[in-house]
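Me: I am new to this structure and would like to learn how to read its packing and its charged pairs. Could you take me through them step by step?

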Amino acid sequence: MKQTTNETIWQVRNSFLGIYVHFPYCFKKCDYCDFYSEGIGSGPANDEMSLFSSYQKEVLERISHFPNLKNKTIDTVFFGGGTPSKATTKHWVNFLHFLRSEFEFAKETEISIEVNPEDLSPNLLDEYAKIGINRVNVGVQTRNPIGLEFLGRHYDKEKYDSLLCTLTSSPIKRVGIDLMYGIPGLQESDFFSDLAYFLEAGLPHLSLYSLTLEKGTQYSRDVKDRKKSEPEEKIQSEILLTLPELMEKNGYRWYEVSNYAKPGFESKHNLKYWTYEPYLGIGPGAHGFIEGSRYGNPRNAMTYQKKPPKNQYEEATPNTELALTLFRLFSPFQYLEFFQTYLELPTQTKYIETIHKWEKQGLCSIVSGVFQWKKEALLLLDDLILEITE
């Protein structure tokens, strides 16, 4: 990445590696969630020790298949899920020790963990800070009990009420919050009330998502059976168009369709997905991208632990994939560098012709090899990306 006086410009980075670790257990499986996860109640998972042992085995297996991984520097680690805050902290610290024994870590490696409000406490954040976790992302979604009930989320009023105090007094300063809008039964004002609550606290990272209907989820089945309503698309569009200016006024940079951060507080790990950087995906249901190949693990914790991961890799197709990832960034990036690094010459020409057409339509700016969307492209984004992949 290249820092200018005004904004970060994203560049090609291939010497670094990210690691994503999927912990599949939750207190309760949310109705809308299409990630692999299992609700197990308030207690710990009975296979926790075995699962963490399998994580280590998989890392070693991936290294044996891709020895060059040892030459890369780890600069992001992301514990996701599921709800990784349900896992015993000692397992995370042991796993970090293991990773440090296998890889070189960057001086300022971003180490993130996802936390749900029911697990959050000052003691937990102190534990995380002591073991080197330096970024926390909290899946709030909404503070409205009606909305939480609609989403099928566990709701602990005391935890939600103390959430802001816990985060603002945390030793970990890189804090992110997930909020969702377009939930049936809630109004625009409900979402903006939630947003104002966290903006006033000055939290450095906000992920603002629209509720989507994902195939195979309980929510999609409930909509099909007419037990629940579809997402409020009209409200979603109105909110989506309002957010960029509102967030800018509050000092946040819009760097990806759904993500806003104060300068320097972007999620470095998630940026890997959007800038075509390599990452190891570890755990059941995890996906990885190594040396131009993608892979996915079985969406079953028991299967994952009983059988070693298969060395089945699918070659990535940058001609299509680059458009699906890179062009979701709303912060500037050095498009010529990305094109020349990953695309064959005829595809480079096609990409360049397309984005020059967008520039003439007033949808983007192109200056000195740097591309940036304008907000006019927001509602057209999916169709525009299709133009470049067809």
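Me: Which residues does F327 touch, not counting residues up to four places away in sequence?

Reply: Before the answer, note that this is a predicted model, in which local features need pLDDT of at least 70 and side-chain atom pairs count only at pLDDT 80 or more, while totals for chains, interfaces and linings use all residues. Residues are numbered from 1 along each chain as its sequence is written, and side-chain values use heavy atoms, with hydrogens and water left out. A contact means heavy atoms within 4.5 Å, and with residues up to four places away in sequence set aside, F327 touches L322, F333, F339, Y351, I355, W358, F371, W373, L381, I385 and I388.

Me: How many residues does the largest nonpolar core have?

Reply: A nonpolar core is a set of buried Ala, Val, Leu, Ile, Met, Phe, Trp, Tyr and Cys residues joined through side-chain atoms within 4.5 Å, where buried means under 20% relative accessible area, exposed over 50% and partly exposed in between, with a 1.4 Å probe and protein chains only. Here the largest such core has 104 residues, and those with the most contacts inside it are F79, F103, L208, F327, W358, F371 and W373. Apart from it lies another core, of 11 residues, which includes M180, I183, Y219 and V223.

Me: How many salt bridges are there?

Reply: A salt bridge is a side-chain nitrogen of Lys or Arg within 4 Å of a carboxyl oxygen of Asp or Glu, and by this rule the count comes to 17. One of them joins the side chains of E58 and R62 at 3.0 Å, N to O; both residues are buried.

Me: Where do E58 and R62 lie?

Reply: Helices (H or I, at least four residues) and strands (E, at least two) are DSSP runs, numbered from the N terminus. Both E58 and R62 lie in helix 1 (residues 48-65), four residues apart, which is about one turn of the helix.

Me: Is K234 buried or exposed?

Reply: K234 counts as exposed because its relative accessibility is 63%, and its side chain meets that of E238 in a salt bridge of 2.7 Å, N to O. E238 is partly exposed, with a relative accessible area of 29%.

Me: Which parts of the chain does the pair E256 and R328 link?

Reply: The side chains of E256 and R328 meet in a salt bridge of 3.6 Å, N to O. This pair links distant parts of the chain, 72 residues apart, with E256 in strand 11 (residues 253-256) and R328 in the loop between helix 11 (318-326) and helix 12 (335-342).
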